[in-house]
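Let's take a walk through this protein together. Keep the sequence and the 3D view open side by side as you read.

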Amino acid sequence: MQHRSILKSHEPDEWACPDWKARAIWTGVFFLALVVLFSDLLQSFLSRWSTEPQYSHGFAIPLIAAGLGWYLSDRIRAGWAQSSAWGIAFIVAGTVLHILGRYLFIEAADCLGLLLCITGGAFLIWGRNLVWGVWPAILFLIFMFPLPYRIERMLSAPLQLYGAEKSAYYIQMFGIPAVAKGSLILMGDHKLGVAEACSGMRMLTVFFAISAATIIVTKRSVWEKVIILFSAIPIALICNIGRIVATALAHHWLGQDMADLVFHDLSGWLMMPSAMLLLFLLLKLLDWLFVAAPEAEDKLRSVKRMGLPGVPTVTRS
């Protein structure tokens with residue numbers, strides 16, 4: 001009994017990492033090793049983030065993931081930080097995928113290999129308690145990866161056609177003759193190419209990232225989180241159509257120079273705040289439509305404790 005009580009007194013009440021400085025140094029060494037191993041892939045990331053608008057959010061994804069990891073730190077399981085052998089398995093699997101992806105020219109496999117190596121490093125250096133606690137932040141890094149080319153082309157074409165059709169309808173509401181012909185909008189002698197303006201893919205990925213970050217930091221039911229995640233699709237369509245319509249109106253009323261200003265400068269800056277505003281309104285709508293009734297639940301629990309028959313047990317999803 002005495003020996004057992006002594007053991008119990010030494011059990012940690014929370015996640016403890018007294019040698020965090022050494023682990024931080026090893027994290028830096030491991031990070032440099034990943035930079036060397038995945039140098040070609042990381043250079044392609046930087047090139048796309050700098051030159052392709054649909055991937056410009058990639059610079060912010062690692063910072064957001066770090067913030068999410070800090071926010072989720074209270075979910076780390078109690079216990080001492082102990083390295084896990086699972087880290088070696090993840091690193092080996094990631095290295096194999098990197099080699100296969102590089103020699104078979106499959107970028108998606110190379111990206112998955114990088115994510116597995118990052119996960120393996122977290123297991124090996126910081127332990128499984130930390131990984132199980134902050135795994136959503138690690139998984140969030142997938143939003144910095146470019147979509148496979150075939151998937152990107154498969155999604156962009158219908159988005160272009162849908163954006164052109166709906167934009168032409170709303171342009172007509174302002175008294176401007178507009179007809180959608182494929183991905184082009186004909187406005188008298190002028191043509192607006194939706195493929196050149198915005199196909200919808202430019203912001204769809206980042207809207208999914210915002211929605212994913214929202215469901216990570218909010219405490220809601222599973223079905224609400226599903227709605228929030230997939231709300232990125234209609235939000236992206238609304239913002240995309242709004243951008244095309246604004247460009248068309250500026251072109252018709254203010255001229256080509258103002259249209260270029262609206263499209264290239266103002267609308268690009270305004271799309272992100274607009275998407276966040278729509279997402280905020282969605283959250284408020286969910287709160288307004290589905291209101292919890294704590295008083296009714298407390299009454300049912302008190303009646304149940306009294307032992308009255310026929311009263312169901314109250315549970316919340």
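This is a predicted model: local features need pLDDT of at least 70, side-chain atom pairs count only at pLDDT 80 or more; totals for chains, interfaces and linings use all residues.

Residues are numbered from 1 along each chain as its sequence is written, and side-chain values use heavy atoms, with hydrogens and water left out.

The protein chain contains 14 helices and five strands; helices (H or I, at least four residues) and strands (E, at least two) are DSSP runs, numbered from the N terminus. Of its 317 residues, 39% are buried, where buried means under 20% relative accessible area, exposed over 50%, and partly exposed in between (1.4 Å probe, protein chains only). Take the contacts between residues at least 6 apart in sequence: 72% of them join residues at least 24 apart. Contact here means heavy atoms within 4.5 Å.

An unreviewed UniProt entry carries the annotation "transmembrane region" for several spans, including residues 84-101 and 108-126. UniProt positions are given in the numbering used here, feature names are shortened, and annotations may be inferred rather than shown by experiment. In the model, residues 84-101 are 89% helix and 0% strand, with end C-alpha atoms 27 Å apart. Residues 108-126 are 100% helix and 0% strand, and their end C-alpha atoms lie 27 Å apart.

Now find the open sheet, where three strands follow the order E3-E4-E5 with antiparallel pairing; two strands pair if DSSP finds at least two bridges between them. Strand E3 (179-181) and strand E5 (190-193) are the edges, each pairing on one side only. From one strand to the next, the twist averages 30 degrees. Strand E4 (residues 184-187) is joined to E5 by four bridges, and Ile185 has Leu192 in E5 as its bridge partner. Helix H12 (residues 232-254) packs on the sheet and touches E4 and E5, its direction making about 160 degrees with that of E5. Helix H8 (residues 149-172) lies across E3 and E4, at about 20 degrees to E4. For these values, axes are lines fitted to C-alpha atoms, for helices over the stretch in contact, and angles run from 0 to 180 degrees between N-to-C directions.

What about the interior? The largest nonpolar core has 53 residues, and Phe140 and Phe207 have the most contacts inside it. Such a core is a set of buried Ala, Val, Leu, Ile, Met, Phe, Trp, Tyr and Cys residues joined through side-chain atoms within 4.5 Å. H10 gives the most to this core, with nine residues. Because domain 1 (15-146) and domain 2 (150-290) both give residues to this core, it lies between them; the domain bounds come from an automatic or database domain assignment. Beyond its neighbours within four places in sequence, Phe207 is in contact with Ala232, Ile235, Ala236, Cys239, Met271 and Ala275. A second, separate core of 13 residues includes Ala178, Ile185, Ile241 and Leu249.

Finally, visit two loops. Asp74 sits in the loop between H4 and strand E2 (79-80), and its 66% relative accessibility is why Asp74 counts as exposed. Phe105 lies in the loop between helix H5 (86-104) and H6. Phe105 has a positive phi of about 60 degrees although it is not a glycine, and at 74% relative accessibility Phe105 counts as exposed.
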